[in-house]
Amino acid sequence: MNQVIKVAVVTGAGSGIGKAAALALLQDGYRVVLAGRREQALADVATLSVAPDHALVVPTDVTQETSVLALFDAALRAFGRVDVLFNNAGSGAPPVLLEDLTFTQWQNVVDVNLTGMFLCLRQAFRVMKAQSPQGGRIINNGSISATTPRPNTIAYTATKHAVTGLTKSASLDGRKYGIAVGQIDIGNAATDMTQRMQAGILQPNGQIAVEPVMDVTIVGQSVLYMANLPLSANVMFHTVMATNMPFAGRG
């Protein structure tokens, strides 16, 4: 019996959560298209994997429509279909006071976290609708900021709340094509982005506190779990976080 080969596209695959997810998918036998702005970082991820020949490096700027189209075209040329999109690329703004955030800083976050995620989601729909067998799975990276803000993060928080809207709408619109859309909300995975949490980060009460973090490979395994579900089942929202981080309750 021939093994079914699955194909995944991972955006923001050059570091952090995207890297962890890409490596987990490659370990499980997926063909993985590594997308991100830094070609060398993507190539390094492919080299680290158990099967570098199963990885395709495609430098991509998700804020540019033509770049997203080229990404999915490259995936189809190399592997013939797309079964999974981990819609992960994201960006934040400096943690400044709301009234000091510049328009450019706001726009940069919106361009990546909202417009970029929509462009990838839309193209995945087009591909998954047209392929045979039809359908696939899309996993959006929401972050726990899709639920609860931190101080001085209005751009990041607003866009991550908007990702929840993308997930709900796309989950509904994807049903007729066999496209399952879900969201993973991640809290304090140990990456370059969370280093400041380990040194101390501003809390809502004005104090600076060190926050617990978790191994980012746990997130990779969570993405893999969601990816491997049959299309008859969907984890619409999945929260994975450092157990003792301030989130639930009052801190």
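The legends below describe close-up views of a predicted model.

**View 1. Helix H7 and the elements around its buried residues.**
Helix H7 covers residues 216-227. With twelve residues at 1.5 Å a residue, H7 should span 16 Å, and its end C-alpha atoms are 17 Å apart, which agrees. The buried residues of H7 are Val216, Val219, Gly220, Ser222, Val223, Leu224, Met226 and Ala227.

**View 2. The N-terminal end of H7.**
Asp215 caps this end of the helix. A side-chain oxygen of Asp215 lies 2.9 Å from the backbone nitrogen of Thr217.

**View 3. Helix H1 and the residue after the helix.**
The twelve residues of H1 should span 16 Å at 1.5 Å a residue; the end C-alpha atoms of H1 are 17 Å apart, which agrees. Buried residues in H1 are Ile17, Gly18, Ala20, Ala21, Ala22, Ala24, Leu25 and Leu26. Gly29 follows H1 and has a positive phi, near 105°.

**View 4. His54 in a loop.**
The loop that holds His54 runs between helix H2 (39-48) and strand E3 (55-59). The relative accessible area of His54 is 19%; because buried means under 20%, His54 counts as buried. Not counting residues up to four places away in sequence, His54 touches Leu26, Tyr30, Arg31, Val32 and Phe79. One of these, Leu26, is among the buried residues of H1.

**View 5. Gly182 in strand E6.**
Gly182 is buried, with a relative accessible area of 1%. Gly182 and Ile139 are 43 residues apart in sequence, yet their C-alpha atoms are 5.0 Å apart in space. Leaving aside neighbours within four places in sequence, Gly182 is in contact with Ile138, Ile139, Asn140, Thr167, Met226, Asn234, Val235 and Met236.

**View 6. The salt bridge between Arg37 and Asp61.**
The structure holds four salt bridges. Side chains of opposite charge can pair when their charged atoms come close. In this view the side chains of Arg37 and Asp61 meet at 3.3 Å, N to O. Arg37 lies in the loop between strand E2 (31-36) and H2, and Asp61 in the loop between E3 and helix H3 (65-79), so the pair ties together parts that are 24 residues apart in sequence. Arg37 is exposed, with a relative accessible area of 59%, whereas Asp61 is partly exposed, at 23%.

**View 7. The salt bridge between Arg122 and Glu65.**
The side chains of Arg122 and Glu65 meet at 2.5 Å, N to O. Arg122 lies in helix H4 (residues 103-130) and Glu65 in helix H3, so this pair ties together parts that are 57 residues apart in sequence. Arg122 is partly exposed, with a relative accessible area of 23%. Glu65 also counts as partly exposed, at 40% relative accessibility.

**View 8. The salt bridge between Arg150 and Glu211.**
Here the side chains of Arg150 and Glu211 meet at 2.7 Å, N to O. The pair links distant parts of the chain, 61 residues apart: Arg150 is in the loop between E5 and helix H5 (154-174), and Glu211 is in the loop between strand E8 (208-209) and H7. Glu211 counts as buried, at 3% relative accessibility.

Conventions
Residues numbered from 1 in each chain as written. Predicted model: local features only at pLDDT ≥ 70, side-chain atom pairs only at ≥ 80, totals over all residues. Heavy atoms only, no water. Helix = DSSP H or I, 4+ residues; strand = E, 2+ residues; numbered from the N terminus. Expected span 1.5 Å × (residues − 1). Buried < 20%, exposed > 50% of the residue type's maximum accessible area, 1.4 Å probe, protein only. Contact = heavy atoms within 4.5 Å. Polar contact = N/O pair within 3.5 Å; in protein donor to acceptor, adjacent residues only side chain to side chain.
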